[in-house]
Amino acid sequence: MQEILNQEKSIYLQIKEMIERDIMRDILLEEERVPSTNELAKLYAINPATAAKGINLLVEEGILYKKRGIGMFVAEGAKAAIMKKRKEHFFDDYIKGLLSEAASLGISRKELIEMIADAGETEKKTSEKG
């Protein structure tokens, strides 16, 4: 959880997304304690209330839960829930824009599929080397 905050979006959303990424990468596991709002505030030099806002969003989504007097913990099924949510948003966040740009450039569906397949093969070869 040593990422750098930027000015592109609200800090509390960045905190939320960092915790989600750490859960997705198995850095934070189910039933594991997450950094407290004060720890996050100190780490990123932000107001604890800002960190709490990001954490509370994850609580509302059922990704985190509170153990009174101990702290916040990753909920059982959190990784699957994040994955499901991200898959649902994938079309809107990536595919729609890709299709729109391809159409404006006159790229056919077949050409687009070939480009994606070629990129996948290139990525596979690159990962096999490293």
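**Group meeting: salt bridges, core and surface**

Let's start with one residue. Lys-9 is partly exposed, at 38% relative accessibility. Buried means under 20% relative accessible area, exposed means over 50%, and partly exposed is in between (1.4 Å probe, protein chains only).

Now a word on the source. This is a predicted model, where local features need pLDDT of at least 70 and side-chain atom pairs count only at pLDDT 80 or more, while totals for chains, interfaces and linings use all residues. Residues are numbered from 1 along each chain as its sequence is written, and side-chain values use heavy atoms, with hydrogens and water left out.

Back to Lys-9. Which side chain does Lys-9 meet in a salt bridge? Glu-17, at 2.9 Å from N to O. A salt bridge here is a side-chain nitrogen of Lys or Arg within 4 Å of a carboxyl oxygen of Asp or Glu. Glu-17 is partly exposed too, with a relative accessible area of 23%. By this rule, the count is 10 salt bridges.

Next, Glu-20. Its salt bridge is with Lys-85, and the closest N and O atoms are 2.5 Å apart. Glu-20 sits in helix α1 and Lys-85 in helix α4, so the pair ties together parts 65 residues apart in sequence. Helices (H or I, at least four residues) and strands (E, at least two) are DSSP runs, numbered from the N terminus. Is Glu-20 buried or exposed? Buried, at 2% relative accessibility.

Another pair is Asp-26 with Lys-79, at 3.0 Å from N to O. These two also link distant parts of the chain. Asp-26 is in the loop between α1 and α2, Lys-79 is in helix α4, and they are 53 residues apart. Asp-26 is partly exposed at 44%. Lys-79 is partly exposed at 26%. There is a network as well: salt bridges with shared partners join Lys-16, Glu-20, Glu-61, Lys-85 and Arg-86.

Now the core. The largest nonpolar core has 20 residues. Such a core is a set of buried Ala, Val, Leu, Ile, Met, Phe, Trp, Tyr and Cys residues, joined through side-chain atoms within 4.5 Å. Ile-15, Ile-19, Ile-23 and Leu-64 touch the most other members. Which element gives the largest share? That is α1, with four residues.

Last, helix α5. This helix covers residues 109-129 and holds Asp-118. Asp-118 is exposed, with a relative accessible area of 53%. Ser-108 is in the loop between α4 and α5, and is partly exposed at 32%. The C-alpha atoms of Ser-108 and Asn-38 are 52 Å apart.
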